[in-house]
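Student: I have a model open and would like to learn how to read it. Could you walk me through it?

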Amino acid sequence: MKKYISIIMAIIVMLTAGVNTELLTVSAKTPTTVSASAKAKSSSHKNKKKKKKKHKHKHYMPKGNMGKWFKSKKALRKHVDKVMKYWADKEESGEITWEEYTEKCPCGYEAWSCPCGKWTGNFKYN
């Protein structure tokens, strides 16, 4: 009885995996082993691996107005500092006026993370 249950379970698993039932054979040496042709098994296994590699993670929340995801909160903070320095250097060099600086340079930010561990956020403006 155990032998038949194992064979039936293996057939069900293979059918749900999309393996053709005509290729099924039962091994005489080990009654609980059910195998399909090696070619069908390996090709379906390789296709599953390829699909996993191509699949990109979908974040559970939108990107902030920063427009990108960062690997860590520290990397996000570095980006914020770089953007603020960019505008401060422009104002100090005289390329833009104080009014343009206060309008375009962020005065702060808020940050949040995705369950995958990446970070994004919003710049705050006056």
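Predicted model: local features only at pLDDT ≥ 70, side-chain atom pairs only at ≥ 80, totals over all residues.

Student: How many helices and strands does the protein have, and in what order do the elements run?

Tutor: There are four helices and four strands. Starting at the N terminus, you read α-β-β-α-α-α-β-β.

Student: Which residues form the largest nonpolar core?

Tutor: The general idea is that nonpolar side chains tend to be buried together in soluble globular proteins. Here, the largest nonpolar core has eleven residues: Met 66, Phe 70, Leu 76, Val 80, Val 83, Trp 87, Ile 96, Tyr 101, Cys 105, Trp 119 and Phe 123. Helix 3 and strand 4 (119–124) each supply at least two residues of this core, and helix 3 gives the most, with four residues. Take Val 83 as one member of the core: leaving out residues up to four places away in sequence, Val 83 touches Pro 106 and Phe 123.

Student: Is His 79 buried or exposed?

Tutor: Compare its relative accessible area with the cut-off: under 20% means buried. His 79 has 14%, so this residue is buried. His 79 sits in helix 3, which spans residues 73–93. Beyond residues up to four places away in sequence, His 79 touches Met 66, Lys 68, Phe 70 and Phe 123.

Student: Why does Glu 110 count as partly exposed?

Tutor: Partly exposed covers the range between buried, under 20%, and exposed, over 50%. Glu 110 counts as partly exposed because its relative accessibility is 33%. You will find Glu 110 in strand 3 (residues 108–113).

Student: What does Glu 110 touch, not counting residues up to four places away in sequence?

Tutor: Glu 110 touches Met 66, Thr 120, Gly 121, Asn 122 and Lys 124. With Lys 124 there is also a side-chain polar contact of 3.3 Å. Thr 120 is ten residues from Glu 110 in sequence, and their C-alpha atoms are 8.5 Å apart in space.

How values were computed
Residues numbered from 1 in each chain as written. Heavy atoms only, no water. Buried < 20%, exposed > 50% of the residue type's maximum accessible area, 1.4 Å probe, protein only. Contact = heavy atoms within 4.5 Å. Polar contact = N/O pair within 3.5 Å; in protein donor to acceptor, adjacent residues only side chain to side chain. Core = buried A, V, L, I, M, F, W, Y, C linked by side-chain atoms within 4.5 Å.
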